[in-house]
Amino acid sequence: MKVAVVGATGMVGQVMLKVLEERNLPITELIPVASERSVGNKIKFKNKEFTIVSMNDAIAVKPEIAIFSAGGGTSLEFAPKFAEVGTVVIDNSSAWRMDPTKKLVVPEINANVLTKEDKIIANPNCSTIQLVMVLHPLNLKYDIKRVVVSTYQSVTGTGKAAVDQLNAEIAGENPEKVYPYQIFKNALPHCDVFADDDYTKEEIKLMKEPKKILGDDTFNLTATAVRVPVQGGHSESVNIEFENEFDLDEVRKILSETPGVVLQDNVKNNEYPMPLYSEGKDDVFVGRIRRDLSQPKTLNLWIVADNLRKGAATNAVQIAEYLVENNLV
């Protein structure tokens with residue numbers, strides 16, 4: 001099975017290769033793809049060297065699967081070209097997520113919607129993935145009415161240049177800025193660009209994508225997304241109002257039994273999710289579970305996950321695994 005990784009030299013692409021090494025996808029040939037300036041360079045994968053090729057060369061090889069992490073413009077241009085030669089594209093950009101003809105997939109929740117006809121599959125936004133991993137089992141049990149989410153997002157979500165900015169500022173330097181302000185010792189209520197309604201694109205993704213993934217548009221969701229000087233791991237403060245009453249112990253039991261979710265909720269021993277401990281892990285961590293004292297049938301909790309792994313690379317590879325296991329490629 002030939003697998004192309006488009007954007008192989010980028011931050012998510014590098015994690016993608018690492019996750020592919022760790023997991024059991026039966027790859028017979030890796031096809032790393034990157035920008036023209038990287039073509040001809042070598043990368044290592046499973047102790048072998050592979051030569052980076054151009055997009056057109058990768059299409060000509062007709063891989064069974066192409067995992068994209070190269071930006072929306074690249075995906076819009078090239079994903080259909082891969083699909084035309086029979087390749088299944090798993091795209092990590094926002095290009096196809098809200099396209100009604102494309103599936104938006106978190107495997108633990110809705111992989112069963114995939115068929116052999118799906119040639120372009122959208123990987124959700126990193127903040128969305130960790131959110132819906134927790135919302136999904138609770139929605140099935142208690143029926144969600146409204147969600148209010150505030151995010152605390154790592155600079156890795158912006159890319160290598162943002163990590164470089166943070167590290168240079170920590171070192172006391174004055175680097176070229178990716179953000180409009182310094183990020184060290186700061187918090188920016190500004191993830192991605194602002195839309196006409198003064199919400200950022202990140203906030204809009206958080207408000208729209210969960211409904212599509214859960215297959216449920218009966219609840220409302222509002223979001224505020226904040227960039228913080230953390231390197232690895234997004235955090236979310238989430239307030240969930242349900243249609244039905246809940247029991248806290250039952251909530252904890254449901255979440256502890258949800259595949260891919262780890263319960264860390266023992267405040268007496270200072271046990272709660274933190275980005276420091278999520279980095280490099282594939283699980284979604286949830287804790288600080290407590291009743292909202294200001295209104296009935298409402299829950300507060302805190303969700304953390306590594307945005308480069310479950311929030312991007314791991315979820316994409318899990319989709320590929322599902323396709324292989326179910327003979328969809």
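Student: Which residues form a nonpolar patch on the surface?
Tutor: Val267, Tyr272, Met274, Leu276 and Tyr277. Together they have about 500 Å² of accessible area. Areas come from the Shrake-Rupley method with a 1.4 Å probe, and for residues only the protein chains shown count as cover. Patch members have over 30% relative accessible area and no salt bridge; like charges are joined within 9 Å, and nonpolar side chains (Val, Leu, Ile, Met, Phe, Trp, Tyr) within 5 Å.

Student: What kind of model is this?
Tutor: It is a predicted model: local features need pLDDT of at least 70, side-chain atom pairs count only at pLDDT 80 or more, and totals for chains, interfaces and linings use all residues. Residues are numbered from 1 along each chain as its sequence is written, and side-chain values use heavy atoms, with hydrogens and water left out.

Student: Why does valine 267 count as partly exposed?
Tutor: Because its relative accessible area is 48%. Buried means under 20%, exposed over 50%, and partly exposed in between (1.4 Å probe, protein chains only).

Student: New topic. Which residue does the UniProt annotation "binding site" cover?
Tutor: Arg97, according to the unreviewed UniProt entry. UniProt positions are in the numbering used here, feature names are shortened, and annotations may be inferred rather than shown by experiment.

Student: Is arginine 97 buried or exposed?
Tutor: Buried, because its relative accessibility is 5%. Arginine 97 sits in the loop between strand E6 (88-91) and strand E7 (103-104).

Student: What does arginine 97 touch?
Tutor: Leaving out residues up to four places away in sequence, it touches Asn92, Leu104, Ala122, Asn123, Pro124, Asn125, Lys205, Glu209 and Lys212. Contact means heavy atoms within 4.5 Å.

Student: And which backbone oxygen lies 3.1 Å from a polar atom of its side chain?
Tutor: That of serine 93. A polar contact is a pair of N or O atoms within 3.5 Å; within protein, one must be able to donate a hydrogen and the other to accept it, and residues adjacent in sequence count only if both atoms are side-chain atoms.

Student: Lys205 was in that contact list. What does lysine 205 form a salt bridge with?
Tutor: Aspartate 192, with the closest N and O atoms 3.5 Å apart. Lysine 205 is in helix H7 (residues 201-214) and aspartate 192 in the loop between H6 and H7, so the pair ties together parts 13 residues apart in sequence. Lysine 205 counts as buried at 14% relative accessibility. Aspartate 192 is partly exposed, at 32%.

Student: How many salt bridges does the count come to?
Tutor: The count is 17. The rule is a side-chain nitrogen of Lys or Arg within 4 Å of a carboxyl oxygen of Asp or Glu.

Student: What does lysine 141 meet in a salt bridge?
Tutor: Glutamate 250, at 3.6 Å, N to O. This pair links distant parts of the chain: lysine 141 in helix H5 (residues 126-142) and glutamate 250 in helix H8 (residues 248-256), 109 residues apart. Lysine 141 is partly exposed, at 45%. Glutamate 250 is partly exposed too, at 29%.

Student: And arginine 252, what does its side chain meet?
Tutor: That of aspartate 265, in a salt bridge of 2.5 Å, N to O. Arginine 252 is in helix H8, aspartate 265 in the loop between E12 and H9, 13 residues apart. Arginine 252 counts as partly exposed at 23% relative accessibility, whereas aspartate 265 is buried at 18%.

Student: Which residues are linked in a network of salt bridges?
Tutor: Glu22, Arg23, Asp282, Arg309 and Glu321.

Student: Now backbone angles. What is phi of arginine 288?
Tutor: Near 50 degrees, a positive value in a residue other than glycine. Arginine 288 lies in strand E13 (residues 284-291). It is partly exposed, at 34% relative accessibility.

Student: And phi of lysine 297?
Tutor: Near 55 degrees, a positive value again in a residue other than glycine. Lysine 297 lies in the loop between E13 and strand E14 (298-305). It is partly exposed, with a relative accessible area of 32%.

Student: Last one. Which residues does the UniProt domain annotation cover?
Tutor: The unreviewed entry gives "domain: Semialdehyde dehydrogenase NAD-binding" for residues 2-117. Over residues 2-117 the chain is 31% helix and 24% strand, with the end C-alpha atoms 19 Å apart.

Technical notes
Helix = DSSP H or I, 4+ residues; strand = E, 2+ residues; numbered from the N terminus.
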